[in-house]
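Colleague: Before I use this model, I would like to go through the labels attached to it. Please set each one against its cut-off.

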Amino acid sequence: MPDLDEILDAAPVIPVLVMDDARTALPVARALVAGGLPVLEVTLRTPAALAIIRAMREVPGAIVGAGTVLDPAMLDAAIDAGAQFAVSPGLTDSLARAAATAPIPLLPGVATASEVMRARDHGFSRLKFFPATASGGLPAVKAFASVFGGLRFCPTGGITQDNAPDWLAIPAVACIGGTWLVPPCDSPDPAAIEQRARAAAALKKD
Ligand code: 3PG
């Protein structure tokens with residue numbers, strides 16, 4: 001099972017997937033992996049999400065995680081479906097306790113200094129910064145990095161191909177995430193997804 005640093009360092013961008021139709025899981029995952037983005041975050045925001053995780057695990061080279069994990073029951077369901085990591089938009093005591101004994105790593109979300117401190121107290125040093133743009137954007141993550149040593153962030157929320165380089169230029173930003181690779185309401189077009197993935201994979205982490 002890859003650890004969080006291996007996951008965050010595998011590519012500059014983690015596609016955040018909000019998908020309704022499990023039949024599209026394989027073509028979407030294959031297109032993203034072929035484009036150079038092996039780490040896939042399938043959000044548990046749709047009834048099909050767990051089936052999509054199961055299906056994507058079949059794709060060679062894919063590292064498949066569950067996003068929008070809100071509580072221990074959702075963490076358990078993600079693990080049962082084969083998720084290799086979990087991402088949460090925030091952190092609760094119950095989720096932190098469940099993550100401490102889980103067989104997969106959790107990347108919890110933070111948006112304020114107190115939330116960073118709370119996550120540190122629970123032993124987390126790899127954090128999602130969410131919602132990144134709405135919570136202060138680049139100046140906020142730079143300020144966190146200067147105050148809290150030893151942390152690595154994956155900002156998501158409002159990040160696009162165009163503004164991605166600004167985020168990736170920050171040393172404490174390990175990688176970024178976003179939904180722009182596979183727009184949630186679209187019926188997926190594998191060729192377009194692969195092209196967007198290629199552009200994202202070509203972004204440089206300074
Ligand atoms: C997430 O869960 O990280 C967000 O939904 C990503 O936000 P975006 O749609 O602005 O990329």
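Modeller: The answers below go label by label, starting with the ground rules.

Modeller: This is a predicted model, in which local features need pLDDT of at least 70 and side-chain atom pairs count only at pLDDT 80 or more, while totals for chains, interfaces and linings use all residues. Residues are numbered from 1 along each chain as its sequence is written, and side-chain values use heavy atoms, with hydrogens and water left out.

Colleague: Why is Ser-187 called exposed?

Modeller: Buried means under 20% relative accessible area, exposed over 50%, and partly exposed in between, with a 1.4 Å probe and protein chains only. Ser-187 has 66% relative accessibility, so Ser-187 counts as exposed. Ser-187 lies in the loop between β8 (176-178) and α9 (190-201); helices (H or I, at least four residues) and strands (E, at least two) are DSSP runs, numbered from the N terminus.

Colleague: Is Thr-68 buried or exposed?

Modeller: Thr-68 is buried, because its relative accessible area is 14%. Thr-68 sits in the loop between β3 (63-67) and α4 (72-80), and has a positive phi of about 55° although it is not a glycine.

Colleague: What makes the pair of Phe-129 and Phe-144 edge-to-face?

Modeller: Rings of Phe, Tyr and Trp (its six-membered ring) pair if their centres lie within 6.5 Å; planes under 30 degrees apart count as stacked, over 60 as edge-to-face and the rest as tilted. The structure holds 4 aromatic pairs. For Phe-129 and Phe-144 the values are 5.6 Å centre to centre and 80° between the planes, hence edge-to-face. This pair links distant parts of the chain, with Phe-129 in strand β6 (residues 126-129) and Phe-144 in helix α7 (residues 137-147), 15 residues apart. Phe-129 counts as buried because its relative accessibility is 0%, and Phe-144 counts as buried because its value is 9%.

Colleague: What makes the pair of Phe-144 and Phe-153 stacked?

Modeller: The planes of Phe-144 and Phe-153 are 25° apart and the centres 6.1 Å apart, which gives a stacked pair. Both Phe-144 and Phe-153 are buried. Ring pairs join Phe-129, Phe-144, Phe-148, Phe-153 and Trp-167 into a cluster.

Colleague: How do you know that Lys-128 lies over the face of Phe-130?

Modeller: A charge sits over a ring if NZ of Lys or CZ of Arg is within 6 Å of the ring centre and within 35 degrees of the ring normal. Lys-128 is listed over the face of Phe-130, at 4.8 Å from the ring centre. The peptide bond from Phe-130 to Pro-131 is cis, with omega near -10°.
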